[in-house]
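Hi,

Here is the structure I promised to pass on. Have a look, and then read on for what turned up in it.

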Amino acid sequence: MTKQPRGRLYQDSEFIFDEFNGLKIERLIVCKNVETEDPILIYLKVKNRNWHQYFLDAGIGFWENWDELDDIEDDDYFKYVDVTKKLKLNEKQISKIYCTKDSNNSKIIIELENKEQLILKCVNPKVFDSECELIKTIV
């Protein structure tokens, strides 16, 4: 396990993050806006790796590596929801993670071994920096 946080790894409309290819998901926590329920940040923990977080902002994708999760307690603005069980993600193997353009925005896709995809995308990709949603699909 990496001991030092590395911070921001990507900040772009397109990137490939291959460090988790072949690894299994332990937990996925979504930081949601209390009023709108929109996902703000997604926290991902895979076996033998630090916590990573990813999000969309200003039309592009961001991927960051941090050592530990600090200060993730519900407050007046944000709530933190562990969706690992709800989305049946525990022990699912990651095939590929990438960010790609999506009309006037970007989306971050995590492909899983069984043709499932976890997608963080803008609800209306044609509207720059619109609200986000996290969906799970089967290809």
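Which residues form one aromatic cluster? They are Tyr10, Phe15, Phe17, Phe20, Tyr54 and Trp63.

Before the rest, some ground rules: this is a predicted model, where local features need pLDDT of at least 70, side-chain atom pairs count only at pLDDT 80 or more, and totals for chains, interfaces and linings use all residues. Residues are numbered from 1 along each chain as its sequence is written, and side-chain values use heavy atoms, with hydrogens and water left out.

Searching the whole structure gives eight aromatic pairs. Rings of Phe, Tyr and Trp (its six-membered ring) pair if their centres lie within 6.5 Å; planes under 30 degrees apart are stacked, over 60 edge-to-face, and the rest tilted. Tyrosine 43 and tyrosine 80 have ring centres 6.2 Å apart and planes at 40 degrees, so this pair is tilted. The two sit 37 residues apart, tyrosine 43 in strand S4 (residues 39-46) and tyrosine 80 in strand S7 (residues 78-82); strands are DSSP runs of E, at least two residues, numbered from the N terminus. Both tyrosines are buried (under 20% relative accessible area, with a 1.4 Å probe and protein chains only).

Now the cysteines. The search finds zero disulfides (pairs of cysteine sulfur atoms within 2.5 Å). For cysteine 99, the closest cysteine sulfur is in cysteine 122, 10 Å away, which is too far for a bond. Cysteine 132 is in no disulfide either, with the sulfur of cysteine 122 at 4.5 Å as its nearest. Cysteine 99 is buried at 3% relative accessible area, and cysteine 132 is buried at 11%.

Cheers

Definitions and conventions. Helix = DSSP H or I, 4+ residues; strand = E, 2+ residues; numbered from the N terminus. Buried < 20%, exposed > 50% of the residue type's maximum accessible area, 1.4 Å probe, protein only.
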